[in-house]
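Thanks for coming, everyone. Please bring up the model.

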Amino acid sequence: MTKQMDTLLKLEEVGQFLLAILLFTQLDYAWWVFPACLLLPDISMFGYAVNPRVGAVAYNIVHHKFTALLVLAIGFIFHIPVLSLAGIILFGHSAMDRIFGYGLKYGDDFKHTHLGWIGKKK
C-alpha cells in the first residue's frame with residue numbers, strides 16, 4: 001500500500017471515528033461513557049486463548065463494521081438505547097483500530113490482518 005493510500009484510508013477512519021462521537025452525543029448518556037466503553041470490544045481477543053482461528057473469528061465478528069451498524073440499527077429501530085450505544089461503540093472502536101493499523105484478522109496469526117502485518121512480518 002502506498003503512503004498516500006495509507007493516509008487516505010486513515011483519514012476515512014478518522015472521519016468514521018468522529019461520526020461515532022457525533023452519534024454518541026445524540027444518546028442520553030454521560031460523556032464519560034464513550035471513553036469508558038471504547039476498549040470493551042477487545043474482550044473478543046480472549047478467543048485467541050483457544051487458538052488463532054477461533055480468536056480471529058471472534059475478533060472479526062466484533063470488529064466488523066456491519067456488525068456495528070446492525071446492532072446500532074436494531075437499537076434505533078426498536079428504541080433500545082443500550083443497543084444503540086453498543087453499535088456506536090463497536091463502530092467507533094473499529095474505526096479507531098484501523099487508524100492504528102489493526103485490521104480484521106486472518107486465522108493463522110493475530111498480527112496478520114487485512115491491512116497487512118502488524119509490526120515486522122514473520
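Start with helix H1, residues 3–25, and helix H5, residues 81–99: their axes come within 8 Å and cross at roughly 155°. Helices here are DSSP runs of H or I with at least four residues, numbered from the N terminus. Axes are lines fitted to C-alpha atoms over the stretch in contact, and angles run from 0 to 180 degrees between N-to-C directions. H1 and H5 are therefore roughly antiparallel to each other (the term covers angles over 145 degrees). Their contact, meaning heavy atoms within 4.5 Å, involves residues of H1 including Phe17 and Leu23, and residues of H5 including Ile88 and Phe91. It divides into 12 nonpolar, 2 polar and 3 charged residues. For those classes, Ala, Val, Leu, Ile, Met, Phe, Trp, Tyr, Cys and Pro count as nonpolar, Asp, Glu, Lys and Arg as charged, and the others, Gly among them, as polar.

A word on the source. This is a predicted model: local features need pLDDT of at least 70, side-chain atom pairs count only at pLDDT 80 or more, and totals for chains, interfaces and linings use all residues. Residues are numbered from 1 along each chain as its sequence is written, and side-chain values use heavy atoms, leaving out hydrogens and water.

Next, H4 against H5. They pack at about 160°, with axes 7 Å apart. So H4 and H5 are also roughly antiparallel to each other. Leu72 and Phe76 are among the H4 residues that take part, and Ile88 and Phe91 are among those of H5. By class, this contact has 12 nonpolar, 5 polar and 2 charged residues.

How does H3 meet H5? The axes of H3, residues 52–63, and H5 come within 9 Å and cross at roughly 115°. That makes H3 roughly perpendicular to H5 (65 to 115 degrees). Tyr59, Val62 and His63 of H3 touch Leu90, His93, Ser94, Asp97 and Arg98 of H5.

Last, the largest pocket. Its volume is about 190 Å³. Which elements give two or more residues to its lining? Helix H4, residues 65–77, and H5. Leu23, Leu72, Phe76 and Ile88 are among the lining residues. The lining has 7 nonpolar, 4 polar and no charged residues.

How is a pocket defined? On a 1 Å grid over the protein atoms alone, it is an open set of points where a 1.4 Å probe fits, with protein on both sides within 12 Å along at least five of seven lines; lining residues have an atom within 4 Å of a point. Points are joined across faces, edges and corners, and the volume is the space filled by probe spheres set on them.

Terms used. Angles under 35 degrees count as roughly parallel, over 145 as roughly antiparallel, 65 to 115 as roughly perpendicular and the rest as oblique.
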